[in-house]
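Welcome! Take a moment to look over the sequence and the 3D view, and then let us walk through them together.

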Amino acid sequence: IGNGARGVVVASPSTNVEISNNVISGNGSLIALGGIQIQDAAVGTKVTSNIIGLSADGTISIPNFGNGITIDDNGGSAATNSTIGGILASEANTITGSTNYGVFINNAGVIGHKILGNAIYDNATGGISLSNGGNNAKPSPVITSATPTLISGTCASGDVVEVFNDTPQSGITDQGRTFLGTATTTGTNWAFAGTFTLGNRITATATDNVNGTSEFANAVTITS
């Protein structure tokens, strides 16, 4: 049973709080504040292995009203250096069905938030939003080519680029339904080899150690 406002709140003074292995769904029915809110001067929050917006077995949509995850300053000190997901497959969150964004990072100084390896899809207004200087408006990577054997593009030097399949397209902007893997990056160029289906939509994110993770890149369709 969801809460009428937020599902989970992490606020100051909080350091290295972990939110793991929960079902966080159906929150915000009275005040649309969504699933998880990380705010104030919360530092180093880790959100892993959660189901956000579905039933425990993953078969029934139970939307959060608002964003799946909101990270902001709540009018005070800024939350910093959260990790949503991780480098291990077992750390991935499913974030879906939100009436706003999957992950919403808002306001200047709210930086260093990494969003890694998750399934983010079917959120009504988008997958990841960096608003008002959140994550220093980290630039998304650019996909310049997408063939059945190779996806490639450009990014900032030092970025970690994650590649996603956004098929079928979900919501009104690009999202990351299925995490495919991490690209090989050389300078400002990146490439990801594999076997990809013609017509599938591919997107990507870029992450660095200062700003955090970008919004999803403009999706490109696999063509021969």
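## A pair of serines to start

Begin with Ser145, which stands opposite Ser152 in strand 15. Strands (E, at least two residues) are DSSP runs, numbered from the N terminus. Strand 14 and strand 15 (residues 150-154) pair in the antiparallel sense, over four bridges; two strands pair if DSSP finds at least two bridges between them.

Before going further, please keep in mind that this is a predicted model, where local features need pLDDT of at least 70 and side-chain atom pairs count only at pLDDT 80 or more, while totals for chains, interfaces and linings use all residues. Residues are numbered from 1 along each chain as its sequence is written, and side-chain values use heavy atoms, with hydrogens and water left out.

Another open sheet has five strands in the order 1-4-7-10-13, and its pairing is parallel. Strand 1 (8-10) and strand 13 (126-131) each have a single partner strand, so one side of each is left without a neighbour in the sheet. Within this sheet, neighbouring strands are turned by 10° against each other on average, direction ignored. Strand 1 pairs with strand 4 (residues 36-38) in the parallel sense over three bridges, and Val10 stands opposite Ile38 in strand 4.

## Aromatic rings

A pair of aromatic rings is described by the distance of the centres and the angle of the planes. Rings of Phe, Tyr and Trp (its six-membered ring) pair if their centres lie within 6.5 Å; planes under 30 degrees apart count as stacked, over 60 as edge-to-face and the rest as tilted. How many such pairs does a search of the whole structure find? The search finds four aromatic pairs.

One of them is stacked: Tyr101 and Phe104, 5.7 Å centre to centre with 15° between the planes. Tyr101 counts as partly exposed at 25% relative accessibility, whereas Phe104 is buried, with a relative accessible area of 17% (buried means under 20% relative accessible area, exposed over 50%, partly exposed in between, with a 1.4 Å probe and protein chains only). Phe192 and Phe196 form a tilted pair, 5.9 Å centre to centre and 35° between the planes, and both are buried. Phe164, Phe179 and Phe216 form one aromatic cluster.

## Salt bridges

Side chains of opposite charge can pair when their charged atoms come close. With a salt bridge taken as a side-chain nitrogen of Lys or Arg within 4 Å of a carboxyl oxygen of Asp or Glu, the count comes to six. One of these joins Lys138 and Asp159, with the closest N and O atoms 2.6 Å apart. Lys138 lies in the loop between strand 13 and strand 14 and Asp159 in the loop between strand 15 and strand 16 (160-165), so the pair ties together parts that are 21 residues apart in sequence. Lys138, Asp159 and Asp208 are linked in a network of salt bridges.

Arg201 meets Asp166 in a salt bridge (3.3 Å, N to O). Arg201 also meets Asp174 (2.4 Å, N to O); both Arg201 and Asp174 are buried.

Technical notes
Axes fitted to C-alpha atoms, helices over the stretch in contact; angles between N-to-C directions.
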